[in-house]
Amino acid sequence: MSRPDRGTRAMHQALPPELRDAVDDFAEHLSRVRNRSAHTVRAYVTDLVSLLDHAVRMGCIDLAELDLSVLRSWLAKQRTTGAARTSLARRAASARAFSAWAHRAGLLSSDVGAALASPRAHRELPSVLRADQAAALVEAPARQAPPVGSAPTNPPVRPAPSVSPAPTDPSPGPTPGAAQTAETEAVPLRDRVLLELLYATGVRVSEACGLDVGDVDHGRRVIRVFGKGGRERAVPYGVPAQRALDEWLRRGRPALVGARSGDALLLGARGGRLNPTTARQIVGGYAEAAGLPRTSPHGLRHSAATHLLEGGADLRAVQELLGHASLASTQIYTHVSVERLRAAYRQAHPRA
C-alpha cells in the first residue's frame, strides 16, 4: 500500500482485519490495474481509511454492513468539521470508487455508493500571469541569484570509475574551486530550462521532473510526456526553450551529473533527479524575487493554457497539450479569458 501519513497509518492498523485487507486490496487495484500514481493512491487510501474508521465507530465491523446511510453520515461529519466543497466532492468520489470495486470483487452485495450524491465542487478561476509577467519569470534566472535551496551546498556524488585510470595528463586538471564554480553556474541554467519548459509546454511539475534526456526530440522540438494514468503524449516547445535546453545539456547538466543521475533531464543540486517540491520552491522563489504575483508551476500551466486560448488556439488542441482526459477540465480556461476580456472592457470602455 502507498505510504499515507502517520495518522492514517495508525487508523489503518486499528481497523478490523477484514476492513484492513479491503483497503490494501483496493490500493493494489488502483496501483496495478488502474495504473494510478502513488499520490492518487495515497489520497484514495486516506479517504477510505477515514470512511471505514467512521463505519466502525457506527458499529459496522463487517464490510457487508456498509450501506448508503454510513456513507452519507461520513460525508456529513466531514462537512461539520469544515471540509471544503472540493474536498467533499473528492471524498465522495473515493467512496463511490471503493463501493463499485468492492461490489465487483464480491465484497458487497450491491454498489451502495452508486446513489451517493456529492456537492458540486466550486471551481475557482485560476490566477494567471500576464504574458509580460510570464516572460519576466522565465528570464529571471539570467538576472537573479537562485532561490535559497536550489543552489548546491555540497558537490554531487560522482560515479566511481569502472576502468583503469588513464595515463597521466601533463596538463593541469580542474581545481576543486573550478568544479564548484561550474556547479554553481549550472543551477541558473537548470532553473531557466525548468521555467521555460513549464511555461512553453504547460506540463505538470511532476511531468517535467519525470522527463529523461531521451524524451526530448530536438529535431522536431517535442517532448514525450507520461501523464496521469501513464498516458503518453507529445508536447511541442518553442525556440527559447530549445536554446535553454541546449545550454543546459551542453554546460549545465554535465556539471551536476553524478552517480544518482541516471537518464534524468533535470537534476537537483546533489545530482539526483529534480524533486517536484524543489521545483515549486524554484518557481515561487524567482517570482517573489522579481516582484511578480505569487505563482507556482501549476500557475505557469494555467498561464500557458490561457495565453494559448487568447492567441486563438483550438480548445481541443489545448486539451491535448495539457493532457486533460475531459474537455470540461480545459473549458475553465475559456472562462479565464472571458473574465480578463470583461475586466479590460470595464476599465477601458467609456460606457462600460
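Hi everyone, let me start with the strands: β1 and β2 (residues 222-226) run antiparallel and are joined by two bridges. Before going on, this is a predicted model, where local features need pLDDT of at least 70, side-chain atom pairs count only at pLDDT 80 or more, and totals for chains, interfaces and linings use all residues. Residues are numbered from 1 along each chain as its sequence is written, and side-chain values use heavy atoms, with hydrogens and water left out.

Back to the strands. Asp-217 has Val-222 in β2 as its bridge partner. The open sheet is made of three strands in the order β1-β2-β3, with antiparallel pairing. β1 (216-217) and β3 (232-236) are at the edges with a single partner strand each, so one side of each has no neighbour in the sheet. As for terms, two strands pair if DSSP finds at least two bridges between them; helices (H or I, at least four residues) and strands (E, at least two) are DSSP runs, numbered from the N terminus.

Now, the rings. A pair of aromatic rings is described by the distance of the centres and the angle of the planes. Here, rings of Phe, Tyr and Trp (its six-membered ring) pair if their centres lie within 6.5 Å; planes under 30 degrees apart count as stacked, over 60 as edge-to-face and the rest as tilted. How many aromatic pairs does the structure hold? There are four. One of them is Phe-26 with Tyr-44, edge-to-face at 6.1 Å centre to centre and 80° between the planes. This pair links distant parts of the chain, 18 residues apart: Phe-26 sits in helix α2 (residues 17-33) and Tyr-44 in helix α3 (residues 38-57).

Phe-26 also pairs with Trp-101: the ring centres are 5.4 Å apart and the planes are at 50°, so this pair is tilted. Trp-101 belongs to helix α5 (residues 85-104), and 75 residues separate it from Phe-26. Is Phe-26 buried or exposed? Phe-26 is buried, with a relative accessible area of 2%, and Trp-101 is buried too, at 9%; buried means under 20% relative accessible area, exposed over 50%, partly exposed in between (1.4 Å probe, protein chains only). Together, Phe-26, Tyr-44, Phe-98 and Trp-101 form one aromatic cluster.

Last stop, Leu-197, which lies in helix α7 (residues 176-201) and is buried, with a relative accessible area of 1%. Beyond its neighbours within four places in sequence, Leu-197 is in contact (heavy atoms within 4.5 Å) with Gly-202, Val-203, Leu-211, Leu-245 and Leu-265. Thanks, everyone!
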